[in-house]
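Try each task before you read its solution.

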Amino acid sequence: MYLFVLVYFPEVQFPLTFCYKETISERNRNMIKFFLMVNKQGQTRLSRYYEHVEIQKRTMLETEVIKNCLSRSKEQCSFIEYKDFKLVYRQYAALFIVVGINETENEMAVYELIHNFVEVLDKYFSRVSELDIMFNLDRVHIILDEMVLNGCIVETNKNRILAPLLVLDKMAES
Amino acid sequence: MPAVSKGDGMRGLAVFISDIRNCKSKEAEIKRINKELANIRSKFKGDKALDGYSKKKYVCKLLFIFLLGHDIDFGHMEAVNLLSSNKYTEKQIGYLFISVLVNSNSELIRLINNAIKNDLASRNPTFMCLALHCIANVGSREMAEAFASEVPRVLVAGDTMDSVKQSAALCLLRLYKTSPDLVPMGEWTSRVVHLLNDQHMGVVTAAVSLITCLCKKNPDDFKTCVSLAVSRLSRIVSSASTDLQDYTYYFVPAPWLSVKLLRLLQCYPPPEDAAVKGRLVECLETILNKAQEPPKSKKVQHSNAKNAILFEAISLIIHYDSEPNLLVRACNQLGQFLQHRETNLRYLALESMCTLASSEFSHEAVKTHIETVINALKTERDVSVRQRAADLLYAMCDRTNAKQIVSEMLSYLETADYSIREEIVLKVAILAEKYAVDYSWYVDTILNLIRIAGDYVSEEVWYRVIQIVINRDDVQGYAAKTVFEALQAPACHENMVKVGGYILGEFGNLIAGDPRSSPLVQFNLLHSKFHLCSVATRALLLSAYIKFINLFPETKATIQDVLRSDSQIRNADVELQQRAVEYLKLSSIASTDVLATVLEEMPPFPERESSILAKLKKKKGPGAGSELDEGKKESGAELNGGVEPTASTAVSPEGWGLMPGSGGGDRTPGFYPSRVGATGNLLVDVFSDSASAAPGLAPATEDNFLRFVCKNNGVLFENQLLQIGVKSEFRQNLGRMYLFYGNKTSVQFQSFTPTVTYPGELQSHILLNIQTKAVDPLVEGGAQVQQVLNIECLSDFTLTPLLNIKFRYGGALQNITLKLPITLNKFFQATEMLSQDFFQRWKQLSQPQQEAQKIFKANHPMDSEVTKAKLLGFGCALLDKVDPNPENYVGAGIIQTKSLQVGCLLRLEPNAQAQMYRLTLRTSREPVSRHLCGLLAEQF
């Protein structure tokens, strides 16, 4: 017969696994999780999420993200480990562009993607400003959608990115 | 003002945005927004049909408001209407609104699907793109059902425009991710692979993403993509292609596409075809060469784009882990970056080198950079870079440099950011153990850890040092001496006290010869920390004291005085009080022989092929030559998943000082017979029960449950695998139940999860509240684990909470559900009363619904002693001389719940001749009467 004995709570309960956990992210699951433009005052000027996030959480996330970026100095690197993903950010005047990516996405490639995006905006708005982005939200969205779809980089050629917008503008003029 | 608005500026929208900008305060902004929302709502609700332009304008405003962080709960219908507009601008806004605001389970999906269907059929490429973008962004199951067969067709059709192909590729990717079952592989798959050859770079860019995803699930179907990707990459890298169009970015040809192609190749092993492989190696060499060439542009964009490709190429080289030449070149390149003035590059180089360190070909090369990395740990201004440096040191650590690395990490720990301290502590602990050449170094390191960062030293770490000290007799004396010295510090961390208490309690005798650490000095030192410690630590110290009595009889009187003091023996904490009482008793009753047996030194912990311990043991033996390789391999394994998160590193859950054999089985359940003695009767009771508990499942379970209505302890369940014992106590409306899960087999149970579930009315937790903690998911063969339930009865309840136990035994999932023996009568408080009072109350409860009665046949022999015991066990008081018939039983009690008390009277009339009983219950609440009557009637 199996004996069972009533015991105290043992205070040294040896864990069955003594291991140091390192996050193993599934290789190659690289993608962009969100794309944000936030100014120094913390006002969001553009937000695009490629995974569903509740609106309340969005506001919180955006606030935290910008806080993180603002607290950093020029000597610090442009990549921030944040929760279970990474932020890649660049600052243009008072505007921060922050992209949330998976562990495995190529940081440098995303870092330059941001610049490419800004150059496209510059080309379209001829020297883009924060106001351009505010007043032309729909157009900025079109540009971004041409460049990033479903979290993947889809087009990097400036002329082709702008092609649908030029069609749109031509139609509006006529 | 709206001059900044491009194209067909919507004046109203521009005015609104300007207004928002001019708002001086958040309140003003919210006010303005609310006003606008009301306006839009009334416009949408109004009788006048809105034209497309107005709808577009309002939907745009809603989008802007949403961006500002306000939830939008209307306007979806208007957006859907815009989808069917013929004007591109209106359609585009509609799609934008939907892809930003509609989540995949919206009810509107069907309407949206209709619009998409029309646009896909329109043959107008801009419309098709919009529709495909929308699917790619929303991607619900319903969409997958509607379009999963259509999209692949669009993708591979010969006449599809390039831009549409791009959208279709990513759209298909989304559908495949959300509903892979709906996307049938087929003839189109081979044609998708050939998109890598498409002359249009944009199409290739989109297709690579799709193929990367598809090939992971179906590697064989997409195997041909390797050679295609290599040739594409080769053409880009060598700038041989003339089809680069505008895809050159600051003199770097197609950087993003190159990165993606290199990533795709990481889904496969190195190409088998020698020609393909040769071409690829050539590519990788070219990429490495280019890093050394003078830049074609001074712009940072140029070098960034180049380096993006370089890092991805290095990832691929590491992934292949088969080209020593490339691995070493990669390492040298990264070594250059370690000293680069750009922080971004230093960060990425550290990160990338971390994976290089695990390759046997480049491990040595990585090690040559140790000074630079240590310097980075000390001087980098950015915590994330320092963190990477710490990771790299951990990864490059082996026997040759362990002491240096551990000491650097320890000194870094003193100033380390709080956010990464715990991680550093774990890393140091692992390295110290893994590469321990002598155990005294290991002990020193761990004690240093506790001293420097005690708060961040998790239980595992200090458990571990104790395990090792107990198992290694060559280090015990040193450990005792060291903890004794460490405890001299005026303020030392509680974890230090724990380790100190444990080690001195076991091995204090090894240093007792020195008058500076005589038994009494040791005891006084420990006891000086006692009052500052938490209950758990104090409990451990009490155990250390009783061990002292055995080790050093001369301390007995002093320790007994301490145990006897009011602050111990009358401590408000039950655990401490009980220990004090029992230890005191043990030390005064037991003979020295018994004491010596009971308080014997802890036997070594079982070393179950622990990779860490096995490593240490091997250290002692010869063959140091092979050691190094071994070490490297292991550090590689660790990078991929820590120190084997399996049972291999497991050490059985054993407690010191307390606990007779929680390990069960082979371990002597030493130390603590007083506890066993105290519960001796209970055990007998338990065993008599378990003998009758049939191993069969369901029917026996119900029987067993009924047995617990009138008693609190025993075996609740038993089969061939598992035994569950219960011990419980109830007071007023509170109860505590101890469940003991015994693994009867010699095999480990995995994923062992007992959960309490609540049927019906109990779900709301307003009647009954049970709190419990999860138990360890692994139960070793022969071991027993314990779970405590704290129970609070809030109101009267009739249903029974259930206990569900799931675990894996061998490969099979076991699932057992039992009724928990928590019934309303457990909260009975017996009430004595005189005959007169009884009858008066009996009459007060004379309404028909207050009474419940049952007449039933006896199931057990009608023994009056047993009946009495059962009634008492049921919880009420038995009242003598109340009923005129002495054969009858009369009882009274009060059910205590948090919200109300229910008075309860009962009468049981046996009829020996007929072998029948009549049971009558009267309480102030009808359901209680019925429920208790039903429960009790089952008992006789």
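Two strands count as paired if DSSP finds at least two bridges between them. Keep in mind that this is a predicted model.

**Exercise 1. How many bridges join β9 and β10 of chain B, and in which sense do the two strands pair?**

Step 1. Find β9(B) at residues 802–809 and follow its pairing with β10(B): the sense is antiparallel, over 8 bridges.

Step 2. Now widen the view: the open sheet has 3 strands in the order β6-β9-β10 (chain B), with antiparallel pairing. The edges are β6 (749–757) and β10 (812–819) of chain B; each has a single partner strand, so one side of each lacks a neighbour in the sheet. From one strand to the next, the twist averages 15°.

**Exercise 2. Which strands stand at the edges of the open sheet of 5 strands in chain A?**

Step 1. Write down the strand order, β2-β1-β5-β4-β3 (chain A), where the pairing is antiparallel.

Step 2. Read off the ends: β2 (44–49) and β3 (79–82) of chain A each have a single partner strand, so one side of each is left without a neighbour in the sheet. The twist here averages 20° from one strand to the next.

Step 3. Go inside the sheet to β1 (residues 32–39) and β5 (residues 95–101) of chain A, which run antiparallel and are joined by 7 bridges. Ile32(A) stands opposite Ile101(A) in β5(A).

**Exercise 3. Work out how the axes of α20 and α22 of chain B are oriented to each other.**

Step 1. Take α20 (residues 370–379) and α22 (residues 402–413) of chain B: their axes come within 10 Å and cross at roughly 10°.

Step 2. Angles under 35 degrees count as roughly parallel, and α20(B) and α22(B) are therefore roughly parallel to each other.

Step 3. List the contact: Ile370(B), Glu371(B), Ile374(B), Leu377(B) and Lys378(B) in α20(B) meet Gln404(B), Ile405(B), Glu408(B) and Tyr412(B) in α22(B). By class, this contact has 5 nonpolar, 1 polar and 3 charged residues.

**Exercise 4. Check the span of α28 of chain B against its number of residues.**

Step 1. With 12 residues (519–530) at 1.5 Å a residue, α28(B) should span 16 Å.

Step 2. Its end C-alpha atoms are 17 Å apart, which agrees.

Step 3. Finish with burial: among the buried residues of α28(B) are Phe523(B), Leu526(B) and Phe530(B). Their helix's buried residues are covered by elements including α26 (473–486) and α29 (535–551) of chain B.

Notes: Residues numbered from 1 in each chain as written. Chains lettered and ligands numbered in written order. Predicted model: local features only at pLDDT ≥ 70, side-chain atom pairs only at ≥ 80, totals over all residues. Heavy atoms only, no water. Axes fitted to C-alpha atoms, helices over the stretch in contact; angles between N-to-C directions. Helix = DSSP H or I, 4+ residues; strand = E, 2+ residues; numbered from the N terminus. Parallel < 35°, antiparallel > 145°, perpendicular 65-115°, else oblique. Contact = heavy atoms within 4.5 Å. Nonpolar A, V, L, I, M, F, W, Y, C, P; charged D, E, K, R; others polar. Expected span 1.5 Å × (residues − 1). Buried < 20%, exposed > 50% of the residue type's maximum accessible area, 1.4 Å probe, protein only.
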